[in-house]
Amino acid sequence: MVEDPLATADCLQITREVGFDHLLMGGKPYTTACPLPFQADSVKTARDVTRSTLRGWGLNELSDDAALVVSELVTNAVRYAMYAAGRREIELLLMRVSPHVLLAVADPSDEVPRPKEPDFISENGRGLYIVETYSQCWGWDPLARGGKAVWALFHAGA
C-alpha cells in the first residue's frame with residue numbers, strides 16, 4: 001500500500017525530469033550506479049551492491065526485499081539483452097529520494113516488460129510478479145540512447 005501517493009509521484013517525477021540516462025552516469029548524491037557485465041553472475045553482484053548501498057544508507061530493513069527484486073530485474077535484463085542488437089551493457093541504479101528508494105536496471109533491449117500470469121509450477125515467468133509483490137510499485141521508462149530502465153520503488157520510512 002502506498003503510504004503517501006504524492007511522495008511517490010514526486011519521486012517518480014524527479015526521476016523522469018532528470019532522466020534515467022543522466023542518473024546512470026553516476027556521481028549524484030544519494031545514488032549508486034554500477035555497470036554489470038552481460039553474464040549470469042551479475043545477479044550476485046547486483047544483490048551485493050544493493051545490500052551494501054542500503055546498509056550504507058542505514059536501510060538494512062529493506063535489504064532482503066530489495067535484493068530479491070534486483071535479482072529478478074537483473075535476471076530479466078540478462079535474458080532480454082542477449083536479443084538486443086549491438087550493446088550488451090546492463091546497469092544498476094539505486095537512488096534515495098526520501099522517503100523512497102528507487103532500484104532501476106537498464107538494458108539495451110527495447111522489449112516492453114510484460115508480467116505473465118504466475119505459473120507456480122514452472123521454473124520461470126514469475127519475475128515481475130515477485131517485483132510487484134515486494135515493491136511499492138514498478139514500471140519502466142525508455143532510455144534516450146535506446147533500451148529501457150525497469151524500476152521498482154520501495155518505501156524506506158522517513
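**Strand pairing in the predicted model**

In strand 2, L92 is the bridge partner of C34. The model containing this pair is predicted. The contact belongs to a set of six bridges that join strand 1 to strand 2, and these two strands run antiparallel. C34 is buried, at a relative accessible area of 14%.

In general, the strands of a sheet pair through backbone hydrogen bonds, in either a parallel or an antiparallel manner.

Strand 5, which spans residues 148–155, takes part in two of the pairings described here. Eight bridges connect strand 3 to strand 5, and the two run antiparallel. Within this pairing, A149 in strand 5 is the bridge partner of A106. Strand 4 (residues 137–142) is joined to strand 5 by six bridges, again in an antiparallel arrangement. Here G139 has W151 of strand 5 as its bridge partner. Strand 5 is mostly covered, with seven of its eight residues buried.

Most residues other than glycine have a negative phi.

A further backbone feature is found between strands 2 and 3. P99 lies in the loop between strand 2 (90–97) and strand 3 (100–107). The peptide bond that joins S98 and P99 is cis, with omega about 10°. Most peptide bonds, by contrast, are trans.

The cysteines were also examined. A search of the whole structure returned zero disulfides, the criterion being a pair of cysteine sulfur atoms within 2.5 Å. C137 has a relative accessible area of 21% and is therefore classed as partly exposed, whereas C34, at 14%, is classed as buried. The two assignments fall on either side of the boundary because buried means under 20% relative accessible area.

Definitions and conventions: Residues are numbered from 1 along each chain as its sequence is written. This is a predicted model: local features need pLDDT of at least 70, side-chain atom pairs count only at pLDDT 80 or more; totals for chains, interfaces and linings use all residues. Side-chain values use heavy atoms; hydrogens and water are left out. Helices (H or I, at least four residues) and strands (E, at least two) are DSSP runs, numbered from the N terminus. Buried means under 20% relative accessible area, exposed over 50%, partly exposed in between (1.4 Å probe, protein chains only). Two strands pair if DSSP finds at least two bridges between them.
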